[in-house]
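Open the model in your viewer and keep the sequence panel beside it. The stops below give a selection and then what is there.

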Amino acid sequence: MKVNYSLAILSVFGGAVLLSLSGCGPGSPSSEGELNEEQLLLQAGQQRSRACMGCHGPKGLSRVQSYPSLAGRPQAYLEGRLRAYRSGERSDPMMSSVARNLSDEDITALSYYYASLPGADSND
Ligand code: HEC
């Protein structure tokens, strides 16, 4: 019994070492410190999303049912919605006034950013 127990501890430790060794996978900052186009777009979207968090949640996951979650929705869908609010094709007392102030670049960056976030049914 005692031997089995220490073996179990050993394998737990072994696993922990392996995990920490593989800690520098994808997602770690690039060594050059330069951002590619995709990262720039994400960054721009993230900055602009401060204006949306209050209603749509900090990561695009809203806790209030009347505010739809945006995380993980297709970019084209989000972009289409924002353009429709802006043009008046769709109208909502809150979104219409928010969308009125968005440029084409804002809409692209915001929808790209929200589409990149894990949605509510994701395991992340
Ligand atoms: C004052 C609260 C509020 C703020 C701030 C706000 N929204 Fe909204 N948003 C809403 C509400 C409410 C709806 C649902 C309106 C409807 O039913 O048409 C909505 C809907 C949307 C939709 C359509 C979602 C869908 O599935 O139909 C998108 C996309 C969206 N918002 C993006 C944004 C972005 C991007 C920002 C920041 C620039 C933002 N919203 C800021 C309240 C807000």
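Two residues are in contact if their C-beta atoms, placed from the backbone, lie within 7 Å. Residues are numbered from 1 along each chain as its sequence is written. The model is predicted: local features need pLDDT of at least 70, side-chain atom pairs count only at pLDDT 80 or more, and totals for chains, interfaces and linings use all residues.

**Whole chain.** Colour by pLDDT, the predictor's confidence in each residue, from 0 to 100. The average over the chain is 83, and 72% of the residues score at least 70. Select residues 15-25: their pLDDT is below 50, and this stretch has zero contacts in the model beyond near neighbours in sequence. Where pLDDT is low, the predicted coordinates should not be read in detail.

Now switch to a cartoon. The chain has six helices and zero strands; these are DSSP runs numbered from the N terminus, with helices being H or I of at least four residues and strands E of at least two. Among contacts with a separation of 6 or more, 62% join residues 24 or more positions apart.

**Glycine 45.** Select this residue in helix H2. Is glycine 45 buried or exposed? Glycine 45 is buried because 23 other C-beta atoms lie within 10 Å; the class requires 20 or more such atoms within 10 Å, while 12 or fewer means exposed and anything in between partly exposed, with C-beta atoms placed from the backbone. Of the 124 residues of the chain, 16% count as buried. Leaving aside residues up to four places away in sequence, glycine 45 touches Ala109, Leu110, Tyr112 and Tyr113.

**H2 and H6.** Select residues 37-48 and 104-116, where the helix axes come within 7 Å and cross at roughly 95°. Axes are lines fitted to C-alpha atoms, for helices over the stretch in contact, and angles run from 0 to 180 degrees between N-to-C directions. H2 is therefore roughly perpendicular to H6, a label for angles of 65 to 115 degrees. On the H2 side, the contact includes Leu41, Leu42 and Arg48; on the H6 side, it includes Asp106 and Ser116.

**Ligand.** Which residues come nearest to the ligand? Of the 17 around it, they are Cys52, Cys55, Arg81, Asp92 and Met94; a residue is near if its C-beta atom, placed from the backbone, lies within 6 Å. Next select H3 (50-56), H4 (75-87) and H5 (95-99), the elements that give two or more residues to this shell. H3 contributes the largest share, five residues.

Conventions. Angles under 35 degrees count as roughly parallel, over 145 as roughly antiparallel, 65 to 115 as roughly perpendicular and the rest as oblique.
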